[in-house]
Amino acid sequence: MANDYESFKKKIFELTTIDLNAYKERQMKRRIDTLIARNKYTDYDSYVLALKTNRDLFDEFVNYLTINVSEFYRNPQLWEVLEKEILPQLMSRFGNGLKIWSAACSTGDEPYSLVMLLSKFMPLSKIKIIATDIDKQVLEKARMGIYSANSLNGLPKEFKDKFFTPVGNSFKISDDIKKCVEFKNHNLLKDEYPANCHLIVCRNVMIYFTEEAKEEIYKKFNRSLVKEGILFVGSTEQIINYKDMGYSSKKLFFYEKV
């Protein structure tokens, strides 16, 4: 596209506060160019002008930009480690009043999975999860709590039977589970982080950031955790230089604040 992508990134930051410099450029530019062409705009300038006046187009852009691929109990073997080892250790150290943050929570599958898992240890009335995402549209989907059958493929049957109701071809999550999660809009690159967290879960989003942005976010997560708190990352997001950022490796994909 003839127009300057650098100028486009600045205009998008002014419009959305999303910093495209933090994302891998080749991959992100390709996605954006595809979306612009699909909407029949010929250059960045005309598309930005349209974003300013067309709310549907703006919402579509943010939704498309924030890559949302989510499912309940993604990588079930890691959820088993969380259940059998990590949560019991955290509760033995800090009691049942754990402060848990699901960062970049997408459509809510992850924080709702956390609530269901925690319900094996304590009553729902004691469970509170903070869940954040940059994309307001996916947060609305999360609050609605209706999911496709495919999203539930990895979920233990006991949870599916207990906490979901069929609605046509989809499944609606129980209001009792929804009450345990507070959804908030949050930008990992610019907004203030919650403090004194015992567990932070941020999975399958860091792969889209540059190495510099990743390091900054991991350091901020570290400051957000209490001492001996745990960061749980995605199965393709092993932190190589975790010691430099104040972590020890508890288990593969689980990092403890030193």
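This is a predicted model: local features need pLDDT of at least 70, side-chain atom pairs count only at pLDDT 80 or more; totals for chains, interfaces and linings use all residues.
Reader: How do the axes of helix α1 and helix α2 cross?

Author: For a pair of helices, one looks at the approach of the axes and at the angle between them. Helix α1 covers residues 5-16 and helix α2 covers residues 25-38; their axes come within 13 Å and cross at roughly 80°. Angles of 65 to 115 degrees count as roughly perpendicular, and α1 and α2 are therefore roughly perpendicular to each other.

Reader: Which residues of α1 and α2 meet?

Author: From α1 come Tyr-5, Glu-6, Phe-8 and Lys-9, and they meet Glu-25, Met-28, Lys-29 and Ile-32 of α2. Sorted by class, this contact has four nonpolar and four charged residues, and no polar ones.

Reader: How many bridges join β3 to β5?

Author: Three bridges join β3 to β5, which comprises residues 170-173.

Reader: Which strands stand at the edges of the seven-stranded sheet?

Author: The order gives the answer. This open sheet runs β6-β2-β1-β7-β8-β10-β9, and its pairing is mixed. β6 (181-185) and β9 (247-251) each have a single partner strand, so one side of each is left without a neighbour in the sheet. On average, neighbouring strands here are turned by 25° against each other, direction ignored. β9 is joined to the antiparallel strand β10 (residues 254-257) by four bridges, and Tyr-247 has Lys-257 in β10 as its bridge partner.

Reader: Across which strands does helix α10 lie?

Author: Helix α10 (residues 211-224) lies across β1, β7, β8, β9 and β10, and runs at about 140° to β8.

Reader: What lines the second largest pocket?

Author: A pocket is described by its volume and by the residues around it. The second largest pocket has a volume of about 280 Å³ and is lined by 17 residues; Thr-16, Val-62, Ile-134, Lys-136 and Asn-185 lie nearest its centre. Two or more lining residues come from each of α1, α4 (55-65) and α7 (136-144), and α4 gives the most, with four residues. By class, the lining has five nonpolar, five polar and seven charged residues.

Key: Residues are numbered from 1 along each chain as its sequence is written. Side-chain values use heavy atoms; hydrogens and water are left out. Axes are lines fitted to C-alpha atoms, for helices over the stretch in contact, and angles run from 0 to 180 degrees between N-to-C directions. Angles under 35 degrees count as roughly parallel, over 145 as roughly antiparallel, 65 to 115 as roughly perpendicular and the rest as oblique. Contact means heavy atoms within 4.5 Å. Ala, Val, Leu, Ile, Met, Phe, Trp, Tyr, Cys and Pro count as nonpolar, Asp, Glu, Lys and Arg as charged, and the others, Gly among them, as polar. Two strands pair if DSSP finds at least two bridges between them. On a 1 Å grid over the protein atoms alone, a cavity is a set of points where a 1.4 Å probe fits but cannot get out, and a pocket is an open set with protein on both sides within 12 Å along at least five of seven lines; lining residues have an atom within 4 Å of a point. Grid points are joined across faces, edges and corners, and a volume is the space filled by probe spheres set on the points.
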